[in-house]
Amino acid sequence: MAENIKKPVARPNNKANANKSNMVRSVLFTFVLICFGAFIIASMTQSKTQKTEVPISDVIQRANDPEGNISKITVTGETLDITLKGNDQPTETSRKDSSGTLYDQGLINHCDDMMGDELSDCQEKYPTIEYKEDTNTWGIILDVGLTVLPIIAIVVFLSWMMRQAQSANNQSMSFGKSKARLYGADKKKVTFKDVAGNESAKQDLAEIVDFLKNPKKYEKLGAKIPRGVLLAGDPGTGKTLMARAVAGEADVPFFSISGSEFAEMFVGVGASRVRDLFSKAKKNAPSIIFIDEIDAVAHKRDARGGAGREDEQTLNQILVEMDGFDNDSGVIVIAATNRVDMLDKALLRPGRFDRHVNVTLPERKDRLEILKVHFKGKPVEENVDLEALAKKTAGSSGADLANIANEAAITAAREGHKAISNADLTEAFERVAIGPERKSKVMNDKERKITAYHEAGHAIVGHVLPDSDPVHKVTIIPRGRTGGVTWFLPPEDRSYKSIYELKDILARAMGGRIAEKIIFGKDAVTTGASSDLTNVAELAKSMIIEEGMGEGTRNLVFPSEATGYYTISTGKPYSEKTAELIDAEIKMLSDEAAKRAEEVLKANKAVLDKLAEELLAHETLEEAELEPILKGARIPEIAKLHK
Ligand code: ADP
Ligand code: MG
Ligand code: ZN
């Protein structure tokens with residue numbers, strides 16, 4: 001979701017800055033102009049000094065003398081350029097007398113009307129007289145133009161350079177300034193009303209707002225006002241939204257910066273931005289600083305193999321600033337992160353981010369509230385069932401739900417509906433979860449048959465195993481990158497999953513490929529199961545290394561790279577032998593899952609055929625249509641994990 005555009009904070013320093021560089025600029029410009037002028041004058045006087053000015057009477061006398069030294073006279077308007085015999089460029093110049101024409105004054109072309117030898121004879125003695133059109137002014141313009149053009153180019157280039165330098169200057173001036181923005185009063189305020197659910201987090205934050213509004217109340221009782229509040233929770237759970245709501249509620253200046261913005265800075269700039277941010281906030285106290293996505297700068301200092309020296313400086317500066325707060329500084333720092341486990345422990349010590357507010361994935365009733373917020377103002381059909389959608393969307397974040405609401409509106413518009421219907425909701429939900437339907441993707445009969453058995457396999461294994469969620473819907477219409485989809489939906493939200501549930505999930509994920517194997521033979525392995533197998537591998541791995549669910553490693557967990565406990569450079573903090581054990585445990589889980597799926601499908605071959613057949617006929621089967629088909633399926637003794 002797009003964040004509101006935030007109003008930049010006025011930077012008083014910039015004005016002085018601009019004045020200064022304006023001055024520098026005009027001085028430079030004057031300098032260039034002087035150079036330019038000097039150049040013109042020089043080139044003009046140069047042409048003057050090159051030619052000697054002689055009196056017109058002298059020119060005429062020599063021109064009429066067969067022994068005279070002039071070979072050519074070029075007359076341009078009032079100016080005569082005189083080329084001497086033996087030269088090819090004029091070296092003398094003269095001006096016409098004001099009285100009468102040059103002819104009147106005696107400048108005659110002696111060789112007029114002559115031809116052949118006679119002409120060349122004559123030309124040896126007398127000058128050739130050429131009358132040029134008076135292009136004098138144009139000539140000058142052309143001359144000057146030719147001289148000036150490169151200069152103009154240079155000047156343009158120089159001023160471009162200066163502007164570049166200046167903006168680079170400005171940029172580097174602002175490098176050290178935090179990009180922190182103040183939430184403008186002109187922007188639509190976000191308040192706690194816009195944040196649905198998450199009551200306890202809202203309460204915690206409301207308390208912070210109260211601290212800022214009535215510090216006396218707390219000081220009187222000797223309570224220390226918290227300095228740092230850490231909002232922790234999964235992506236899209238509304239942390240940023242909540243911080244903005246705090247800004248809207250608190251009515252104090254709210255400076256916000258995102259951790260990722262530090263990443264784009266030059267060396268040493270991050271720390272100075274932090275300094276600037278905090279000094280601004282202190283000047284405007286009481287105020288709030290919000291550092292979004294703080295994990296971008298504040299990850300464990302040892303967890304990145306020394307790659308993050310710059311981040312380290314930024315982080316250190318944050319710590320220094322927070323330690324430097326007086327008790328009554330009136331500045332509260334709120335930070336948000338998706339990864340508390342990745343944060344440097346130093347940030348979490350008392351006096352820093354010692355208050356934690358957990359923002360969790362919404363429960364069913366919160367999901368309904370969030371959906372209501374996002375469907376507010378959108379036209380919906382009367383029978384639209386947001387509760388059903390809230391029920392279906394276990395595990396979705398607020399951002400996912402906002403996304404579904406938006407997709408539903410788009411779908412309705414695309415379908416030409418006047419209001420959003422239940423069908424639009426379903427399409428939006430599936431689209432957001434898996435990707436758009438691709439009805440246009442052509443599958444040949446063989447592919448359709450494989451897909452039908454594959455999905456039927458998932459559905460039957462999932463249906464039969466006692467700890468799996470019920471099957472909600474099966475389709476062989478391609479969606480997103482998958483050929484078909486089998487949906488399982490939990491009847492209610494659960495916070496914990498048992499090892500039985502997880503093993504049933506592994507088995508039903510295997511159900512697709514195993515069904516293909518049973519029907520088309522064990523060599524007919526298709527690529528249709530790769531995402532199933534990836535899911536199996538990931539779930540099995542986390543069961544072993546995170547949940548202590550291994551057969552031979554029960555209750556043991558293993559540090560993982562993904563959670564930042566070690567890096568490639570530091571290596572695994574356990575032996576090769578342990579690594580082998582982990583791999584063996586993971587393989588055991590996936591083998592067991594495949595075995596159970598196979599037993600279930602072999603025992604229910606008739607149901608498998610029937611379901612595949614129905615899928616080929618109808619493409620999509622909903623819960624009610626699945627019921628009669630799946631009713632006959634039984635779990636074989638061998639696939640049972642418990643009584
Ligand atoms: P986070 O910062 O935790 O990743 P955001 O605050 O950016 O998540 O949430 C993204 C969007 O999801 C919000 O702009 C809002 O539209 C929607 N959203 C998330 N949580 C809620 C909620 N509790 N109530 C209403 N909308 C929410
Ligand atoms: Mg966020
Ligand atoms: Zn599958």
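The zinc ion (ligand 3) is held by His454 (NE2), His458 (NE2) and Asp532 (OD), with distances of 2.0 to 2.1 Å. Donors here are N, O and S atoms within 2.8 Å of the metal (3.2 Å for Na, K and Ca), and since water is not among the atoms, sites may look incomplete. Along the sequence, the donor residues follow the spacing H-x3-H-x73-D. His454 sits in helix H16 (residues 445-464) and Asp532 in helix H18 (residues 530-545), so this pair ties together parts that are 78 residues apart in sequence. His454 and Asp532 are both buried (buried means under 20% relative accessible area, exposed over 50%, and partly exposed in between, with a 1.4 Å probe and protein chains only).

This is a predicted model, so local features need pLDDT of at least 70 and side-chain atom pairs count only at pLDDT 80 or more, while totals for chains, interfaces and linings use all residues. Residues are numbered from 1 along each chain as its sequence is written, chains are lettered from A and ligands numbered from 1 in the order in which they are written, and side-chain values use heavy atoms, with hydrogens and water left out.

Now for the chain as a whole. The protein chain has 21 helices and 15 strands; these are DSSP runs numbered from the N terminus (helices are H or I with at least four residues, strands are E with at least two). Of its 643 residues, 43% are buried. Contact means heavy atoms within 4.5 Å, and among contacts between residues at least 6 apart in sequence, 74% join residues at least 24 apart. The accessible surface of the protein chain is about 35100 Å², and carbon and sulfur atoms account for 54% of that. Areas come from the Shrake-Rupley method with a 1.4 Å probe, and for residues only the protein chains shown count as cover.

A nonpolar core is a set of buried Ala, Val, Leu, Ile, Met, Phe, Trp, Tyr and Cys residues joined through side-chain atoms within 4.5 Å. This one has 50 residues, and Ile460, Met543, Leu611 and Leu615 touch the most other members. The top contributor is H19, with nine residues. Setting aside neighbours within four places in sequence, Leu611 contacts Ala456, Ala459, Ile460, Leu621, Leu626, Ile629 and Leu630. There is also a second, separate core of 27 residues, with Leu205, Ala243, Val246 and Phe254 among them.

Ligand 1 has 17 residues around it, and Ala196, Gly236, Lys239, Thr240 and Leu241 come nearest (a residue is near if one of its heavy atoms lies within 4 Å). Helix H7 (239-250), helix H12 (364-375) and helix H14 (398-414) each put at least two residues into this shell. As for polar contacts, these are pairs of N or O atoms within 3.5 Å; within protein, one must be able to donate a hydrogen and the other to accept it, and residues adjacent in sequence count only if both atoms are side-chain atoms. A polar side-chain atom of Lys239 is 2.7 Å from an oxygen atom of ligand 1. Polar backbone atoms also take part: that of Leu241 lies 2.8 Å from an oxygen atom of the ligand, and that of Ala399 lies 3.3 Å from one. On its own, ligand 1 has 550 Å² of accessible area, of which the protein covers 88%.

A few loops deserve a look. In the loop between H7 and strand E9 (254-258), Asp251 has a positive phi, near 65 degrees, without being a glycine, and it is exposed at 59% relative accessible area. Asn555, in the loop between H18 and H19, is another non-glycine with positive phi, about 70 degrees, and is exposed at 67%. The peptide bond from Ala285 to Pro286 is cis, with omega near -5 degrees, and Pro286 lies in the loop between helix H9 (269-283) and strand E10 (287-292). Arg352, in the loop between strand E11 (331-337) and strand E12 (355-359), is buried at 10% relative accessible area. Leaving out residues up to four places away in sequence, Arg352 touches Arg227, Gly228, Leu319, Met322, Asp323, Ala346 and Leu347.
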